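Notebook open, viewer open. I want to work through the sheet and then look at the helices lying on it.

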Amino acid sequence: MHDFPMPDTAPPSGKIHPLVARLTTDFGWPRLDNAHDLREFTTRPGAHCLFVPGDGARNLETPDAAVVLPELRQAFQNAFDCAVVGDGIETELRETTRVLKTPSFLFFRDGDFLGGIEKIRDWDDYIARTSHILAAKG
């Protein structure tokens, strides 16, 4: 049996995976790189979902989550807007919300944290959890 090198589809550590980058380039979602931007985005009226990608080079679920979130938003008829969390605030945000695993979706309404969904899930689980979170009063 021969050992053949497997192609590395993940970007080098510190690089943004193309499927994560497309959320800001193709969909126009903001990238939140500091506490001011985070506060400004999450305190707007309405519901918001923050995508916390984690390290796309080490976490193979990150690209999958980057594909799931736009579909989830569409399934909820754009009931929430979305942003991508930058590396500079990711750790503190994860610790503050106590949603520690990545990738994750963090939901806010009018500045209040409602809840989060960690890691890749079955589609029905996303629907159930998102429904429950969006029904929360905050």
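Predicted model: local features only at pLDDT ≥ 70, side-chain atom pairs only at ≥ 80, totals over all residues.

Which residue in E4 stands opposite valine 52? I looked it up, and it is serine 104.

**Entry 1: E4 and its two neighbours.** On the E2 side, I found six bridges joining E2 to E4, and the two strands run antiparallel. On the E5 side, six bridges join E4, residues 104-109, to E5, again antiparallel. I also checked how covered E4 is: five of its six residues are buried.

**Entry 2: the hairpin.** I moved along to the turn between E4 and E5. Arginine 109 stands opposite aspartate 112 in E5. Two residues sit between the strands of this hairpin, and aspartate 110 takes a positive phi near 50° there.

Entry 3: I zoomed out for the strand order. The sheet is open, with five strands in the order E1-E3-E2-E4-E5, and the pairing is mixed. Which strands are at the edges? I get E1 (31-32) and E5 (112-118), each of which pairs on one side only. A reminder for myself: strands of a sheet pair through backbone hydrogen bonds, either parallel or antiparallel.

**Entry 4: helices on the sheet.** I looked at H1 next, residues 18-25. H1 lies across E1, E2 (47-52) and E3 (80-85), and runs at about 130° to E3. Then I did H3, residues 62-75, which lies across E2, E3 and E4 and runs at about 160° to E3.

**Entry 5: helix against helix.** How do H1 and H3 pack, and at what angle? Their axes are 8 Å apart and the angle is about 30°. I count H1 as roughly parallel to H3, because the angle falls under the 35 degrees cut-off. From H1, the contact uses Leu19, Val20, Arg22 and Leu23. From H3, Thr62, Pro63, Ala66, Val67 and Pro70 take part. I sorted the residues of this contact by type and got seven nonpolar, one polar and one charged.

**Recap.** My picture so far is a mixed, open sheet of five strands. E4 is mostly covered, and H1 and H3 pack at about 30°.

Definitions and conventions:
Residues numbered from 1 in each chain as written. Heavy atoms only, no water. Pairing = 2+ DSSP bridges. Helix = DSSP H or I, 4+ residues; strand = E, 2+ residues; numbered from the N terminus. Contact = heavy atoms within 4.5 Å. Axes fitted to C-alpha atoms, helices over the stretch in contact; angles between N-to-C directions. Buried < 20%, exposed > 50% of the residue type's maximum accessible area, 1.4 Å probe, protein only. Parallel < 35°, antiparallel > 145°, perpendicular 65-115°, else oblique. Nonpolar A, V, L, I, M, F, W, Y, C, P; charged D, E, K, R; others polar.
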